[in-house]
Amino acid sequence: MLKSTASYTESELLQQIAAGSRDAFEIIYKRSFISVYYFAKRFVADQQAAEDITSETFLKLWERFSNFNSLHGIQSFLFTTAKNACINYNRSDKRADARHQEFTYLLSATSDDVPADEEITGKVYQYIYDEIEKLPGQLKKVFKMAYLQGMSNEEIALALDINNQSVRNHKARALKALRDIFSDKDVYALFLFTIWLNSK
Amino acid sequence: MPNYENRISDLIIKELNGELNDAEESELETWKNLSEKNRAIVEEFLNEEKLQAGIRDMYMIEERIWGRLEKAIMLKEEPVITPVRRMRWTRVAAAAVIFLLVSAGTYFYFNKGTLQHTQDNNPMAKTDVAAPASNRAMITLANGKQILLDSAGNGTLLKEGNVNVVKLADGQIVYTGSNGVLQYNTMTNPRGSQAINLTLSDGSKVWLNAESSLKFPVAFVGNERTVEITGEAYFEVAKNASKKFLVIANGVTTEVLGTHFNVNAYADEEALRVTLLEGSVKVSKNTASKIIKPGQQTIVQQTQNDIVVVTVNIDEVMAWKNGLFSFNKANIQTVMRQISRWYDVEVSYEGVIRNRQFNGEMERNLNLSQVLKALEKSKVHFRIEGKKLIVMP
């Protein structure tokens with residue numbers, strides 16, 4: 001599992017980047033991998049390919065990481081690299097359907113003509129991901145184990161070496177913290193968490 | 001409409017937070033009804049089951065992308081000991097980490113006893129170079145006169161007025177006394193020489209590595225204690241609250257009150273590093289300065305004024321003083337620079353050497369061929385020709 005995002009100021013982060021720090025690289029990765037992935041999905045049909053392109057793009061970033069002196073420069077690099085990788089992929093993928101052949105042509109012109117729906121989805125997921133990742137330590141662990149891995153209270157208690165009541169308390173606190181993020185007034189979010197709570 | 005995706009994603013996020021006003025709500029509704037595709041996008045977040053599934057998928061995608069990235073980085077850097085690298089990047093139980101560390105250490109550590117009995121028939125080494133057996137440092141006095149320390153006998157080396165310089169049985173050089181005059185001596189330790197231990201007239205101790213020099217006052221008159229170094233030195237500064245101790249190297253000043261720290265200022269390294277073991281130091285270059293705590297290191301690039309602070313492994317930094325080589329994710333050039341200073345060999349590269357990583361510890365008192373044999377496990381090859389070391393793919 002990746003390290004949690006430490007709270008670096010922008011200039012501290014840039015200093016760490018100049019030093020080629022792996023921690024800084026992980027932070028940059030966490031902040032942008034979703035946007036890059038959904039960006040790639042705009043241009044390649046295959047989800048697997050979009051994942052591969054995302055990995056490759058970050059690898060290329062790592063290889064020259066300490067050369068960057070601005071966050072904006074890193075963002076530009078990520079999207080330019082991903083775009084080129086998408087073009088190459090579509091060119092070499094002989095089974096690419098007509099829709100994506102067309103996209104390849106448009107890519108070389110201007111990307112504004114290509115619908116950006118996937119990017120909407122990407123931006124919202126990046127937001128949700130960031131909010132979950134901001135949950136403090138134990139709360140985050142309990143939330144992820146219960147919600148993402150579908151572990152029961154007993155299993156979580158065993159894994160984290162805390163007792164069952166503690167797990168329930170953690171879940172309630174995680175719920176409250178997330179409720180503060182997705183405010184009380186939101187019917188859907190409440191509904192969502194009620195279902196989750198009841199199922200445990 | 002260009003850039004509408006930012007607008008719509010903002011609206012959806014506001015919807016999730018329950019912050020949409022009426023105007024925004026109808027804007028989102030309108031967009032949603034424009035097409036099936038749009039409806040599907042909004043539904044993915046506002047339908048509780050779809051959102052839950054979507055978040056799960058996102059984390060699985062994240063794991064896959066990260067997994068591929070991690071593997072690709074590991075393959076590119078081709079570490080000697082894979083377990084050490086895997087430990088850093090992935091989830092490993094604490095017990096397993098300790099076990100791997102121990103086995104990695106023993107893999108690389110050469111037992112001095114067994115090696116001396118091994119017949120090393122390496123056909124590639126035409127000759128061999130022994131590790132320096134002693135130190136070959138010298139002192140240059142204020143008047144330019146030089147004292148060669150390895151040929152000098154033990155006891156008093158120099159006596160001028162109240163100033164006394166003695167050489168102890170273990171090779172330590174100790175300065176005592178003062179004539180009230182500010183005079184500089186320079187201790188120079190050449191390549192292919194062991195570290196030399198010097199005690200200054202205030203009781204501060206300095207260990208000088210090979211290919212290094214220290215310019216210092218014979219006695220500390222005045223209200224500052226200033227020394228200059230080239231190369232690498234480790235300091236244990238005697239406490240004196242009224243007299244700051246300053247180490248100057250290549251435009252970088254390290255200021256201390258009384259403490260233990262290491263300065264690595266070799267001109268052929270790309271950055272100057274000051275590592276603090278105990279106490280507190282302030283490192284400055286021009287207008288930039290940083291105060292660091294024990295366990296921290298400042299990095300100053302040769303051509304820059306920024307001072308970056310990182311945490312380091314003290315054992316790695318101080319390995320040279322403890323008679324060891326210690327490499328952690330070091331590239332071939334870094335390793336060769338240390339080898340070249342210690343064995344006093346000239347390094348050249350033949351052919352295209354791929355990026356390798358070197359990890360591990362070795363005793364410095366080994367012969368060069370023995371050290372190279374260990375390094376060859378990283379798929380790099382060597383040839384010794386007299387005082388030349390050739391690195392080959």
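A:Glu133 sits in helix α6 of chain A, residues 117-134, with helices (H or I, at least four residues) and strands (E, at least two) taken as DSSP runs numbered from the N terminus. The model is a predicted one, so local features need pLDDT of at least 70 and side-chain atom pairs count only at pLDDT 80 or more, while totals for chains, interfaces and linings use all residues. Residues are numbered from 1 along each chain as its sequence is written, chains are lettered from A and ligands numbered from 1 in the order in which they are written, and side-chain values use heavy atoms, with hydrogens and water left out.

With a relative accessible area of 9%, A:Glu133 is buried; buried means under 20% relative accessible area, exposed over 50% and partly exposed in between, using a 1.4 Å probe and protein chains only. Setting aside neighbours within four places in sequence, A:Glu133 is in contact with A:Lys30, A:Lys140, A:Lys144 and B:Tyr59, contact being heavy atoms within 4.5 Å. The C-alpha atoms of A:Glu133 and A:Lys144 are 9.8 Å apart, and the two residues are 11 residues apart along the chain. Across to the other chain, the side chains of A:Glu133 and B:Tyr59 are joined by a polar contact of 2.8 Å. (A polar contact is a pair of N or O atoms within 3.5 Å; within protein, one must be able to donate a hydrogen and the other to accept it, and residues adjacent in sequence count only if both atoms are side-chain atoms.)

That brings in the interface as a whole. Here 47 residues of chain B are in contact with 49 residues of chain A. Between them the chains bury about 4900 Å², and carbon and sulfur atoms give 62% of that; buried area is the accessible area (1.4 Å probe) that two parts lose on being put together, summed over both. B:Tyr59 turns up again here: together with B:Glu48 and B:Ile65 it supplies 13% of the area that chain B buries against chain A, more than any other three residues.

As for polar links, 8 residue pairs are in polar contact between chain B and chain A, both residues being at pLDDT 80 or more. On the chain B side, α1 (4-17), α3 (36-46), α4 (48-77), α5 (82-89) and β18 (308-311) each supply at least two of the residues that touch chain A. The largest share, 20 residues, comes from α4(B). Sorted by class, this side of chain B has 23 nonpolar, 7 polar and 17 charged residues, where Ala, Val, Leu, Ile, Met, Phe, Trp, Tyr, Cys and Pro count as nonpolar, Asp, Glu, Lys and Arg as charged, and the others, Gly among them, as polar. The interface also holds 3 salt bridges, a salt bridge being a side-chain nitrogen of Lys or Arg within 4 Å of a carboxyl oxygen of Asp or Glu. B:Arg68 and A:Glu51 form a salt bridge, with their closest N and O atoms 3.6 Å apart.

The structure holds 21 aromatic pairs over all chains; rings of Phe, Tyr and Trp (its six-membered ring) pair if their centres lie within 6.5 Å, and planes under 30 degrees apart count as stacked, over 60 as edge-to-face and the rest as tilted. A:Phe68 and A:Phe77 make an edge-to-face pair, 5.3 Å centre to centre with 65° between the planes, and both residues are buried. Ring pairs also link A:Tyr29, A:Phe33, A:Phe58, A:Tyr129, B:Tyr59 and B:Trp66 into a cluster.

Chain A itself has 10 helices and 0 strands. Of its 200 residues, 51% count as buried. Among its contacts between residues at least 6 apart in sequence, 60% join residues at least 24 apart.

Over all chains, the structure has 22 salt bridges. A:Arg64 pairs with A:Glu63 at 4.0 Å between the closest N and O atoms; A:Arg64 is partly exposed at 33% relative accessible area, and A:Glu63 is partly exposed at 39%. In chain B, B:Lys387 and B:Asp344 form a salt bridge at 3.6 Å. B:Lys387 lies in the loop between β22 (381-385) and β23 (388-392) and B:Asp344 in the loop between α9 (332-343) and β20 (346-349), so this pair ties together parts of chain B that are 43 residues apart in sequence. B:Glu385 and B:Arg383 meet in a salt bridge of 3.0 Å, N to O; B:Glu385 is partly exposed at 35%, whereas B:Arg383 counts as buried at 19%.
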